[in-house]
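Thanks for coming. I have one structure to go through today, and I will keep to what can be computed from its atoms. Please have the sequence and the coordinates open.

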Amino acid sequence: METSWHDHTLAIHAGEAPDPVTGASSPNLVMSTTFAAGADIAFSAEAASQEMPFVYTRWGNPTVRQLEQKIAALEHAPDAVALASGMAAFFALAMQLIRSGDRVVLSDVTYAAVSETANEWLVNLGLEVVRVDASDLDALRRAVTPQTKWVHIETPCNPLLRLTDIKEAAQIAHRAGAVLSVDSTFATSLATRPLELGADYVIHSLTKYICGHGDALGGVIAGSAELIEPIRRKSLIRTGGALSPFNAWLILRGAATLPLRMKQHEANALQIARYLEGHPAVKRVIYPGLASHPQYELAKRQMHNFSGMLTFEVKGDGIAQAYRFAEKLRVIHYAVSLGHHRSLLFYLPSQALLATTFHLDAAQLASWKKFAGEGIFRFSVGLEDPEDVIADLEQSFL
Ligand SMILES: *Cc1c(COP(=O)(O)O)cnc(C)c1O
């Protein structure tokens, strides 16, 4: 791989080369779980090394490896390890980092299953889990004590689209001797490269923009070779969350058009965000590319693409509007997930989420309400013609 390549070239070529035997131009799908080995290959992964040939697909697989190299290239990272899903990636990282008694600091609003893991399992494992509104750097500074081992943030965070200043967060974590991981799923490698801003690990749910077509689950962690190697040798192999080579092959194909798709996601989302901002039934639109976003200055500084995610709150009854959307929408799918070529919209009522998932104190609740009020529609703007998406919304408002 050429180090001077730019995003589109990296997305297409990084990690891939014509097959040396057949000359095949596009990646081979290698489904084999085991590989013919020499007698010198160790049976335990403890003796495994990156230079070793492929042994067993849970340890590493040629198609999965091609995807890892492509993601590492896009993140400008020395290495990456792919896993079965974004949650498998989060879990593999947690298993690598935590020890009973450690203090971990997590953003108070993160992907729901991450939040629920922290509320329950991390606490049950004997960790001191501190939740903080990571957009508030003073709050973050107070929370990250010298006992803190790990700080985990998401920017923009799911579902609020609230941002954290990664550079500042990395400094705060490092001053205390902690590592910083950043879930960059909403931003993608095109908008923000957290490692270049000082983060130690970047995580993606590959299921979202990087695959881009809604047909494969996957996850990845990128970082320095020294930090990724033990995750591969211990967490991946022991927790077993290996990515299927078939999914890796689909995600490789999706990733090739990531830069092109992100340009169009951003353009479509901006047009639709402006339409929604002018709609009489809409109370508030949150999109990092709008001057009305409470952190627009940070968004401009930290994001080189504003991505395709927006949220909006309606003036009337959100639940009634959700039923109406689910019944009437024809182009947009009323469905969870995000980052697909298809537009996806889903209602997130604040009260229910605050009860099940996000346990906030008074200041954190005020920040939540500023972004989400009584409930928001999370809208993953797809690649359809924006006028068709707008017409679909128009005929579905109450
Ligand atoms: C979807 C998502 C995850 C989890 O990823 P899966 O691939 O569904 O396991 C983690 N973080 C963010 C921000 C997500 O949107």
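Asp 133 sits in the loop that runs between strand 3, residues 128–132, and helix 5, residues 137–143. Before going further, note that this is a predicted model.

Is Asp 133 buried or exposed? Its relative accessible area is 9%, and the cut-off for buried is under 20%, so Asp 133 is buried. What does its side chain contact? There is a polar contact between the side chain of Asp 133 and the side chain of Arg 162, at 3.3 Å.

Another polar pair of side chains involves a strand residue. Ser 181 belongs to strand 5, which covers residues 179–183. Its relative accessibility is 0%, so Ser 181 counts as buried. The side chain of Ser 181 has a polar contact of 2.8 Å with the side chain of His 152.

Now the ligand. Where does it sit? The ligand is in the largest pocket. There are 14 residues around the ligand, and those that come nearest are Gly 86, Asp 183, Ser 205, Thr 207 and Lys 208. Sorted by class, the shell consists of 7 polar, 4 nonpolar and 3 charged residues.

Asp 183 places a polar side-chain atom 2.6 Å from a nitrogen atom of the ligand. For Ser 205, a polar side-chain atom is 2.8 Å from an oxygen atom of the ligand. For Thr 207, a polar side-chain atom is 2.7 Å from an oxygen atom of the ligand. How much of the ligand does the protein cover? On its own the ligand has 380 Å² of accessible area, and the protein covers 93% of that.

Next, the backbone. Which peptide bonds are cis? One of them is the bond from Thr 155 to Pro 156, with omega near -15 degrees. Another is the bond from Asn 158 to Pro 159, where omega is near 5 degrees. Pro 156 lies in the loop between strand 4, residues 148–154, and helix 6, residues 166–175. Pro 159 is also placed in the loop between strand 4 and helix 6.

Staying with backbone angles, there are two residues with positive phi to mention. Thr 188 is not a glycine, yet its phi is positive, at about 70 degrees. This residue lies in helix 7, which spans residues 188–191. Thr 188 counts as buried because its relative accessibility is 0%.

The other is Ser 307, again a residue other than glycine with a positive phi, near 70 degrees. Where is Ser 307? The residue is in the loop between helix 11, residues 296–302, and strand 9, residues 309–314. Why does Ser 307 count as buried? Its relative accessibility is 2%, and the cut-off is under 20%.

Last, some residue pairs, with separation along the chain set beside separation in space.

Pro 386 is in helix 15, residues 386–394. With a relative accessibility of 9%, Pro 386 counts as buried. Pro 386 and Gln 271 are 115 residues apart in sequence, and their C-alpha atoms are 7.2 Å apart in space.

Ile 286 is in strand 8, residues 282–286. At 2% relative accessibility, Ile 286 is classed as buried. From Ile 286 to Asp 215 the chain separation is 71 residues, and the C-alpha atoms are separated by 28 Å.

Val 285 is placed in strand 8 as well. Val 285 has 5% relative accessibility and therefore counts as buried. The pair of Val 285 and Ala 17 is 268 residues apart in sequence and 44 Å apart from C-alpha to C-alpha.

The positive phi values I showed are at Thr 188 and Ser 307. That is what I have; I will take questions now.

Note on methods. Residues are numbered from 1 along each chain as its sequence is written. This is a predicted model: local features need pLDDT of at least 70, side-chain atom pairs count only at pLDDT 80 or more; totals for chains, interfaces and linings use all residues. Side-chain values use heavy atoms; hydrogens and water are left out. A residue is near a molecule or strand if one of its heavy atoms lies within 4 Å of it. A polar contact is a pair of N or O atoms within 3.5 Å; within protein, one must be able to donate a hydrogen and the other to accept it, and residues adjacent in sequence count only if both atoms are side-chain atoms. Accessible areas come from the Shrake-Rupley method with a 1.4 Å probe; for residues, only the protein chains shown count as cover. On a 1 Å grid over the protein atoms alone, a cavity is a set of points where a 1.4 Å probe fits but cannot get out, and a pocket is an open set with protein on both sides within 12 Å along at least five of seven lines; lining residues have an atom within 4 Å of a point. A molecule sits in a cavity or pocket if more than half of its atoms lie within 2 Å of its grid points. Ala, Val, Leu, Ile, Met, Phe, Trp, Tyr, Cys and Pro count as nonpolar, Asp, Glu, Lys and Arg as charged, and the others, Gly among them, as polar. Helices (H or I, at least four residues) and strands (E, at least two) are DSSP runs, numbered from the N terminus. Buried means under 20% relative accessible area, exposed over 50%, partly exposed in between (1.4 Å probe, protein chains only).
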